[in-house]
Amino acid sequence: MQGLSPVSAGEKPVHLALPAEIEGWKITTPESRQVTPKTIFDYMNGAGELFLAYDFRALYVWKYERPDHQPITVEAYEMGSPEEAFGVLSNDLDGENVGVGQHSVYGAGLLRFWQGRWFFSVLVELETSESRRAVLTLGRVLEAQVAREGERPRLLARLPSQGLVPESVHYFHTRICLNSYYFFAVENLLELDQKTDAVMGEYRFGKQRAGLLIICYPTSGAATKAHAHFRDRYMGGLEISPKPLEMARLENGEWVGLRLDRDYLVVAFKSSSRDVCERLLRAVNLQRGGKQQ
Amino acid sequence: MSDYRQLTRRDFLRDGTLGAVAFGVATSASHTSQAAAEGGKSVVALVRDEKVMNDQLAVDEAVLRKMLDEAVKTATGESSAAAGWKKLFKPDDIVGLVPTKALNPTHEELVMAVTAALQEAGVPADRIQNVQGRKTEPVEKCTALICMPALKVHQLTGLGTVLKNYIAFSGKGSSFHQEKNGDLGSVWLMPVVKGKTRIVIVDALRPLFDRGPKPDPKYQWNYNGLLVGTDPVAVEATGLSIIMAKRKAYKGETWELTPPPLCVAAADKQYGLGTSDPARIALKISGWDKDLLISA
């Protein structure tokens, strides 16, 4: 049972083959169902936007069924780059890394992993020892057919490691994704679009907490404009400390802080204290090729 | 709520409504609901049964039908379910069923149970049809609709249940995502839909409390419930309260929905579709009470 990926000039197509039977579940789709950017809304309605936000190219779907058991759905998403494939996975990194692909997350019957330009999802809605085995085996079958290539987005290395909650990390470009991770405003205050790279994560230092968002804009001018927009609309009327670390206490006691550095804008948010806010803003190393603390 | 397009998180902090917005509830009551009411309150029935699904998640149709009957009786205030159905639907109605089709879909057994109940109430089989989808012609022909989504969180609209359930009829679903989720109430005022919804039946057998709409069993649980009412906003607000309570139980602290489901309060305050104010909702609970997550 195969799915054939579309290719760009100079690339070899990737054939994905799945077994006819696994742990008693039998494949019911003679050929994989192919979903394109034009048809993704037919397959998953509006949820398709979350994939289009990561340069989605194609999706192949297979179904397995077994009497008196929940079906298994296998989805193989071809994205524009390994970074984008990781980005889709980073929608939710909370789960067990079961060692499939370049990074995997498993929980309660759903295996999600990325490898190369591919993001995979293998789902059974009810986890049993058999269904877990079937899901993980299918994952390994897929993993073996796609080259390990590419790295996680480089911008992730800008997130300071100390205090970072690893499963809270997200990589994205657009406001659609930001708003599904943390809500600042209805407006696009940070002027995010497909050309912006962004990473965010949650930090914990004992009982102290904060969130950190690092955005890389295409130009320093774009970063400056977004900084002004956010500062005016979100921090307007507050007492703000002077540059380079602009921090302010919100009405509920949380702290928010900004740091603008060339084409980077760093935002510390939901910080439980000024100290944590400042500490995080300072900890981000924005030097070219710089390492994190 | 002022024009939600201008809202920032700080606005909610300033007026102390962050929690209310996260819960999607209005902070004052000025709705103009035409819904059935009890003492000025919109009635929402929550019926649960521990045995409605087995350990393989298979639905017991007989148990589900009992739950449905109990919920309809309660929501309509009639002495029996049959009387409740007959109060809502006449034999000459053309009834459109609007279940959720994909991604945590409404259980087919619930669609079948509703169809059977309608027929028992005198609506001929050929006047009952599933009209969910982008084609509006079937909806136009309907004289009555039953909104019957599954309870779930949605990463693009906060909640993807009652108010979002007619989005396909608009032909421009994506335009109600993100900053425009507050406008979902407008879909209910489209001529093909307006005034036709007689009852809302939410499938809360196995809701999804995060990362929706795509299913993730890590965030699904067997709640084994049905939420039923004639006020769509009241039913939505009640489902949202259950979701928020589940999220809090899962994390051990308040876990805000992102994006906030602005559509719920807006459906009340801007579109007058019903009430999202808990003080104006009469919640009537029956059946299995373990891990209820909400109180009357």
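How much area do chain B and chain A bury between them? Together they bury about 3,700 Å², 50% of it on carbon and sulfur atoms. Buried area is the accessible area (1.4 Å probe) that two parts lose on being put together, summed over both.

This is a predicted model, in which local features need pLDDT of at least 70 and side-chain atom pairs count only at pLDDT 80 or more, while totals for chains, interfaces and linings use all residues. Residues are numbered from 1 along each chain as its sequence is written, chains are lettered from A and ligands numbered from 1 in the order in which they are written, and side-chain values use heavy atoms, with hydrogens and water left out.

**View 1. The interface of chain B and chain A.** The contact (heavy atoms within 4.5 Å) takes 51 residues from chain A and 39 residues from chain B. Seven salt bridges cross the interface; the term stands for a side-chain nitrogen of Lys or Arg within 4 Å of a carboxyl oxygen of Asp or Glu. A salt bridge also describes the meeting of the B:Lys218 and A:Asp92 side chains, at 3.2 Å from N to O. Helix α1 (residues 9–14) of chain B gives the most to the side of chain B that touches chain A, with five residues. Helices (H or I, at least four residues) and strands (E, at least two) are DSSP runs, numbered from the N terminus.

**View 2. The open sheet of chain A.** Six strands form this sheet in the order β11-β12-β13-β16-β15-β14, with antiparallel pairing; two strands pair if DSSP finds at least two bridges between them. Because β11 (164–172) and β14 (246–249) of chain A stand at the edges with a single partner strand each, one side of each is left without a neighbour in the sheet. The twist averages 15° from one strand to the next. Axes are lines fitted to C-alpha atoms, for helices over the stretch in contact, and angles run from 0 to 180 degrees between N-to-C directions.

**View 3. The pairing of β14 and β15 in chain A.** β14(A) pairs with β15 (residues 255–261) of chain A in the antiparallel sense over four bridges. A:Glu246 stands opposite A:Leu258 in β15(A). Helix α6 (residues 220–235) of chain A packs on the sheet and touches β14, β15 and β16 (264–271) of chain A, its direction making about 160° with that of β15(A).

**View 4. Two cis peptide bonds.** One joins A:Lys243 and A:Pro244, with omega about 10°. A:Pro244 is in the loop between α6 and β14 of chain A. Another joins B:Thr258 and B:Pro259, with omega about -5°.
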